[in-house]
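Thank you all for coming. Please bring up the sequence and the model, and I will walk you through a few places in turn.

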Amino acid sequence: MKLRAEDLGALARGAAVLGTGGGGDPHIGRLLAQQALKEHGPVEVVAVGDLPDDACVLPVAMMGAPTVMVEKLPSADQISVAVQTLAKYVGKTPTHLACIEAGGVNSTVPVIAAAQLGLPLVDGDGMGRAFPELQMVLPTLAGIEATPMAIVDEKGNRGVFDTVTNEWAERLARSATVDMGCSAIVSLYAMTGAEVRGSFVAGTLSKCVTIGRAIERAQRMHSDPVAAVVDELGGRLLHLGKVVDVQRRTTTGFARGDAAVDGLDASQGRLLTLRFQNEHLVAELDGTAVATTPDLIIVLDTESGEPITTEALRYGHRVSVLAAPADDRWHSPAGIDLVGPRYFGYDLDPIRALETA
């Protein structure tokens, strides 16, 4: 399978849906990837199951606050430099690149690196969605180390961390990212093909394109794009309404805050509150939690079906809020410890996306 410029709109749109509000602005990611494909040609996409055991797979991503990423773009070679820096440190030649998460920017950043370096891209990712911290990936649950990890900024500064745990990788890289202006490019979780097969969510890029095309098709046919996304994800509609308040702040390298959505139509008279840290983590309906991490909480424009990231939420937006199931591995005891509500400070047991349907 070849990923071409004409696929990028659907890819970025679908990745922003799976990104649950985080992962960066999909429009920015698409524009950067389009330029790379225009210069270097299409990128080969390889199924997780087709990776040789001894493949050297290097994921690459943008790290930081999405609110900053909107204005502070990576430089032309920053993304490929992160991959080259890690490859040099580990003393291996990469055979494949990969996405570590599904998100508007972080589904397309690896496309840019793959085009620039002439390497194939793995059709999968480390989460099946987006989460705000580096250790919050399925490879962590599989015992794979995040480091050595390269970090590069747009000014040309670069470094490599080699930490004792994946949590320490997050702490040290987050501090460096703040010093680098709250966004940086990282390459981490160097894996063999066998490790990717055992820890990744397979088919993520293909799924993103499918979701994106479902939205485009609904728009073109004047049918309901929100219903199309619900069908693709096997999820459910939580709430229809208008955004009446957004409290958002950029602190410690994250976009944190809350958004209130006043109900319309079938949701008239009810208030939904979204709690987010880059990604949406908890949805509360009239003060009662109705969906939580690790399942997906997604905000779409009600009319167009376009995904709305946490940094783009604005007063007056007419939105539909969905819940959809995450990869089952996130609901293991170790997965809940890593990304469940209590990790983020919410005194809640996880609520599955379809639990209260």
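Predicted model: local features only at pLDDT ≥ 70, side-chain atom pairs only at ≥ 80, totals over all residues.

Proline 74 sits in the loop between α3 (66-69) and α4, where helices (H or I, at least four residues) and strands (E, at least two) are DSSP runs, numbered from the N terminus. Residues are numbered from 1 along each chain as its sequence is written, and side-chain values use heavy atoms, with hydrogens and water left out.

Is proline 74 buried or exposed? With a relative accessible area of 12%, proline 74 is buried, because buried means under 20% relative accessible area, exposed means over 50%, and partly exposed lies in between, using a 1.4 Å probe and protein chains only. Leaving aside residues up to four places away in sequence, proline 74 touches Leu32, Met62, Ile79 and Ile185, contact meaning heavy atoms within 4.5 Å. Alanine 47 is 27 residues from proline 74 along the chain, and the C-alpha atoms of the two are separated by 28 Å.

Let me turn to the helix that follows that loop. Two packed helices are described by the angle between their axes and the distance between the axes. Helix α4 (residues 78-90) packs against helix α5 (residues 109-117) at an angle of about 75 degrees, the axes being 8 Å apart; here axes are lines fitted to C-alpha atoms, for helices over the stretch in contact, and angles run from 0 to 180 degrees between N-to-C directions. The two helices α4 and α5 are therefore roughly perpendicular to each other, given that 65 to 115 degrees counts as roughly perpendicular, under 35 as roughly parallel, over 145 as roughly antiparallel and the rest as oblique. On the α4 side the contact is made by Ile79, Ser80, Val83 and Gln84, and on the α5 side by Val109, Ile112, Ala113, Gln116 and Leu117.

Next, the charged pairs. Side chains of opposite charge can pair when their charged atoms come close. How many salt bridges does the structure hold? The structure holds 15 salt bridges, each being a side-chain nitrogen of Lys or Arg within 4 Å of a carboxyl oxygen of Asp or Glu.

One of them joins arginine 275 and glutamate 284, with 2.9 Å from N to O; arginine 275 is partly exposed at a relative accessible area of 22%, whereas glutamate 284 is buried at 15%. Threonine 273 belongs to strand β13 (residues 271-277) and is buried, with a relative accessible area of 16%.

A further salt bridge pairs aspartate 295 with arginine 352, their closest N and O atoms being 3.8 Å apart. This pair links distant parts of the chain, since aspartate 295 lies in the loop between β15 (288-292) and β16 (296-301) and arginine 352 in the segment after α11 (333-339), 57 residues apart. Aspartate 295 is buried, at a relative accessible area of 2%, while arginine 352, at 32% relative accessibility, counts as partly exposed.

The loop between β15 and β16 also holds proline 294, and the peptide bond from threonine 293 to proline 294 is cis, with omega near 15 degrees. Another cis peptide bond runs from threonine 147 to proline 148, with omega near 5 degrees, and proline 148 is placed in the loop between α6 (138-141) and β6 (149-152).

For context, most residues other than glycine have a negative phi, and most peptide bonds are trans. Asparagine 278, although not a glycine, has a positive phi of about 65 degrees; asparagine 278 is found in the loop between β13 and β14 (279-285) and, at 4% relative accessibility, counts as buried. Aspartate 286, in the loop between β14 and β15, likewise has a positive phi, near 50 degrees, but aspartate 286 counts as partly exposed, at 42% relative accessibility.
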